[in-house]
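Visitor: Hi, I'm new to this one. Could you show it to me and walk me through it?

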Amino acid sequence: MAATARQIGNGVEKRALSPLELALLNDFQRDFPLDPQPFARIAEALGVGEDEVLAVYRDLMERGLVKRVGPVVRPHRLGWSTLAAMSVPPERLAEVADLVTGYDEVNHNYEREHAVNLWFVVTAASRQDVMEVLADIACRSGFEVLDLPLERPYRVDLGFPIS
Amino acid sequence: MTANAHFDAIDRRIVAATQGGLPLCRRPYAAVAEGLGLAPDEVMERLRRLQSLGVVRRIGAVPNHYALGYRANGMSVWDVEDGRVGELGRRVGALDFVTHCYRRPRHRPDWPYNLFAMVHGRDRAEVADKVGRIAELLGAASRGHDVLYSTKILKKTGLRLRGEKEG
């Protein structure tokens, strides 16, 4: 399970990361070995022991610095999703944000500093299901919902370097 | 894009069992396979195939950028000529600090932007500096841009896929 808002809200790491921690964070954000013993392959590549690699990953997870080690699924391939946005007056933002967050189909919901201030991702089995959720939100809130589906990816989340 | 025929019930169970993370043990694929009543090789082969199909984007460590100190997240949005958005999007997407770069439809007059590039930084100054590098790259091809900083994460959950559900 991905981190929840509450977990993300935990403190920011103060301690400097060791070279091994940095390598395990940066070098295996993709191309994690599809091998019976992937941690042993990583250990060989870094010149350390398999148990040490496992221990560092466990520790990074416990400290909340790594959410998980595993496959990242592209949501679009499992149905349909869109990025939706709304302009909500500040005095109604909390109420409308709660309404949006209440939908199971909404898996990300961010408040952003802009006239268009509520941004969320809606994912469902089909485009029609997604459109129904958007229409329902517009109807219940009384505000227009912009439908901004991905038309073309130029870069999809492949991780980025931590320094 | 819709779910495709190459993604069957076993694939779905494997994704459902692993998307929250592989177990941190010496033989994680064997542990997953055991839970699903499959052979370890089959789990690895199917994950390899799902990756080549693009259903699995990547396999690896997923850092919590926020906890690592990257607290500012700016969604930069750009109004570029439709005829050049492909070429320019690929160049922006190639910048190492851009995590996502997508073309999305405009909604004039409220929303004139057609190119989105997500930029992370330790603080807003770092994000602004990176956005400035995108602006330099785009030059006159950008007819306008904006940066939307997130002020509150109201909900963030992984994709919750049920193993038994067909899509």
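**A strand and its surroundings**

Guide: Let's start with one strand: Trp80(A), Thr82(A), Ala84(A) and Met86(A) point one way from S2(A), Ser81(A), Leu83(A) and Ala85(A) point the other way, and all are buried. Buried here means under 20% relative accessible area, with exposed being over 50% and partly exposed in between (1.4 Å probe, protein chains only). Strands (E, at least two residues) and helices (H or I, at least four) are DSSP runs, numbered from the N terminus.

Guide: This is a predicted model, where local features need pLDDT of at least 70, side-chain atom pairs count only at pLDDT 80 or more, and totals for chains, interfaces and linings use all residues. Residues are numbered from 1 along each chain as its sequence is written, chains are lettered from A and ligands numbered from 1 in the order in which they are written, and side-chain values use heavy atoms, leaving out hydrogens and water.

Visitor: Why do the side chains alternate?

Guide: That's what happens in a regular strand: side chains alternate between the two faces of the sheet.

Visitor: Which strands does S2(A) run antiparallel to?

Guide: One is S4 (residues 118-124) of chain A, joined to S2(A) by seven bridges; there, Thr82(A) has Val122(A) as its bridge partner. Another is S5 (residues 146-148) of chain A, with three bridges, and in that strand Ala85(A) is partnered by Leu146(A). Two strands count as paired if DSSP finds at least two bridges between them.

Visitor: How many helices and strands does chain A have?

Guide: Six helices and six strands, in the order α-α-α-α-β-β-α-β-β-α-β-β along the sequence. Of the 163 residues in chain A, 53% are buried.

Visitor: Which strands pair between the chains?

Guide: S3 (residues 106-112) of chain A pairs with S5 (residues 142-156) of chain B, antiparallel, over five bridges. In S5(B), Ile153(B) is the bridge partner of Tyr110(A).
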